[in-house]
2 protein chains.
Amino acid sequence: MIVVRTVADLRAALYPRRTGAVGLVPTMGALHEGHATLLRAARAADDTVVMSLFVNPAQFNEQADLAAYPRTEEADLALAASEGVDIVFAPEAAEMYPAGFATTVSVSGTLADTLEGAERGRSHFDGVATVVTKLLLAALPDHAYFGAKDAQQVAVIRRFVTDLGIPVELVVCPTSRDADGLARSSRNTRLSPDERAQALAIPRALSGIQDAATAGLRDTAALRAQGLAHLEAAGIHPEYVALVDPVTFAPVDEVAQPVLVAIAARVGATRLIDNIVLGGA
Amino acid sequence: MIVVRTVADLRAALYPRRTGAVGLVPTMGALHEGHATLLRAARAADDTVVMSLFVNPAQFNEQADLAAYPRTEEADLALAASEGVDIVFAPEAAEMYPAGFATTVSVSGTLADTLEGAERGRSHFDGVATVVTKLLLAALPDHAYFGAKDAQQVAVIRRFVTDLGIPVELVVCPTSRDADGLARSSRNTRLSPDERAQALAIPRALSGIQDAATAGLRDTAALRAQGLAHLEAAGIHPEYVALVDPVTFAPVDEVAQPVLVAIAARVGATRLIDNIVLGGA
């Protein structure tokens, strides 16, 4: 496994490998089993696996969140090596955003303005879209791997990849969960034991909604109220519990097609998100 | 020469030609000798020459200007064939902007806000940046050719190509001029004979500024005043006469480094632009 710090070195390393398929797994480091799942999917499908490791300042609306984001490069490189990654692209911020940088890739409309876009601010998804465009153009992979936990991020990425015609196939892997059901996240390391127990109300609220929908409850307002009650009973006051179209993120009244159920909530100081799809494939 | 209407067909046509260099000449049609110069430059340097032909609605701030923009596809295809173009990519608007399209590539700051950005509105360069990104990603050329007449457009394109890391080398060809000095433009066909005579004050004002600078006048305010006086004497009230840094478009006080002199003016109903670089390479 080699580690490169510049786009030029990444391209040079990829050049002789272009005869085979290239897979890219973009990460912000602080790797956990969820990332390992993505790396394994890439390893199984592609001849060359590239993992990017870049904590993107442009997508953090809170400086405190950026500063507190865990940075564990040594452990991350060890995990990448153990999962058979060929190339790690770990640039400094100055490589990605040199002096004079002035370009933004932006997705407009409900998809980017709602939920995470509303809570984290308009600039969050601009930051995501701009850096992911740069990573995709740097590596020009055949496949890029993302986790379903970041459902809205995946939908935004799918939107601009389609709109701009970036030549890549997106592969979305199911949310990876701990045995107790909590969605794996780099932020989970910040939870105290009590907070972690409290956080389980999030996947349980989602499971409860899933069960109610499976039992025939189709009214999204009623499903949402049930999930909200579950969270409030655990002392969690969520930023949102939303039932929306998984592609456009437009609100949905009834479960007649696949519906994304998304929750964001702070547990202590830690912001967590999770989601499921009802009636999905 | 083949004509393709979809990105998929363009990529399929280019696929077997990727062993050689690919050059892209983006145009909005209404081809003239200026475009021919770009096509010849591409023909001389690249194994495969792609010309795109798309009147991009997103970069027109005035519907009347869009509606009046000359469309001469048959003659354009004949000219392309005579210049040895291999592939013409001539999509419909629905191919470039299908339903649900929601992505914008945007350059911020002085470069995009000033001069053309101020006169034609913020959305003009967003429209240019978005469509050129799409064209570059559709063709993935080794070289893309642009005319120096659209100096600010070229600077904006250079900015986002660098910032996003689009893997292409930009080639800027000198402004092509008629024997009388008028910069060639698809819009020139709209000028009446009288208007055309009047329009010559634009290249003459630029030449006058060039001569004064060569003679030692370095103060940009004085150079600007001279150009303005030249235009006003011909009955032209320009939108701007500007002396700026050719890369950042920041105003410049003195000619101590290359300075771009840019003029935009309406002659009758037709909007014309022209420029020169003082002290440039």
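How far apart do the C-alpha centres of domain 1 and domain 2 of chain A lie? I looked this up first, keeping in mind that the model is predicted. The C-alpha centres of the two domains of chain A lie 26 Å apart.

**Entry: domains of chain A**

I took the bounds from the domain assignment, which gives domain 1 as 2–173 and domain 2 as 186–274 in chain A. For the contact between them I noted 14 residues from domain 1 of chain A and 15 residues from domain 2 of chain A. On the domain 1 side, the elements that give two or more residues are α6 (110–113), α7 (116–120) and α9 (151–164) of chain A. The largest share of that side comes from α9(A), with three residues.

**Entry: how the two chains are related**

I superposed chain B on chain A: a rotation of 180 degrees does it, with 0.0 Å of shift along the axis and an RMSD of 0.0 Å. The two copies are thus related as by a two-fold rotation axis. I then asked which residue of chain B comes closest to that axis. It is B:Val105, whose C-alpha lies at 2.3 Å.

**Entry: the contact between the chains**

I found that the contact takes 22 residues from chain B and 22 residues from chain A. On the chain B side, β5 (103–107), α8 (122–139) and α9 (151–164) are the elements that give two or more residues. Strand β5(B) supplies the largest share, five residues. I also checked whether the copies use the same surface: 100% of the interface residues of chain B are also interface residues in chain A, so they do.

**Entry: strand β2 of chain B**

I went on to β2(B), residues 22–27, and found it mostly covered, with six of its six residues buried. In a regular strand the side chains alternate between the two faces of the sheet. Here I saw B:Val22, B:Leu24 and B:Pro26 pointing one way, and B:Gly23, B:Val25 and B:Thr27 the other way.

Which strands does β2(B) pair with? I noted six bridges to β3(B), residues 48–53, which runs parallel to β2(B). In this pairing B:Gly23 stands opposite B:Val49. Two bridges join β2(B) to β6(B), residues 143–147, again in parallel. There B:Leu24 stands opposite B:Ala144.

**Entry: the nonpolar core**

I looked up the largest nonpolar core and found 147 residues in it. The members that touch the most others are A:Ala139, A:Val156, B:Ala139 and B:Val156. For B:Ala139 I listed the contacts, leaving aside neighbours within four places in sequence: B:Leu10, B:Leu14, B:Val22, B:Leu24, B:Val50 and B:Phe89. Of these, B:Val22 and B:Leu24 point one way from β2(B), together with B:Pro26.

**Entry: A:Gly20**

Is A:Gly20 buried or exposed? I counted 10 C-beta neighbours inside 10 Å, so A:Gly20 counts as exposed. A:Gly20 lies in the loop between α1 (7–14) and β2 (22–27) of chain A. Not counting residues up to four places away in sequence, I found that A:Gly20 touches A:Asp47 and A:Thr48. I also noted the separation of A:Gly20 from A:Arg196: 176 residues in sequence and 43 Å in space, C-alpha to C-alpha.

Definitions and conventions. Residues numbered from 1 in each chain as written. Chains lettered and ligands numbered in written order. Predicted model: local features only at pLDDT ≥ 70, side-chain atom pairs only at ≥ 80, totals over all residues. Buried ≥ 20, exposed ≤ 12 C-beta atoms within 10 Å, placed from the backbone. Helix = DSSP H or I, 4+ residues; strand = E, 2+ residues; numbered from the N terminus. Pairing = 2+ DSSP bridges. Least-squares fit on C-alpha atoms with pLDDT ≥ 70 in both. Contact = placed C-beta atoms within 7 Å. Core = buried A, V, L, I, M, F, W, Y, C linked by C-beta atoms within 7 Å. Domains from an automatic or database assignment.
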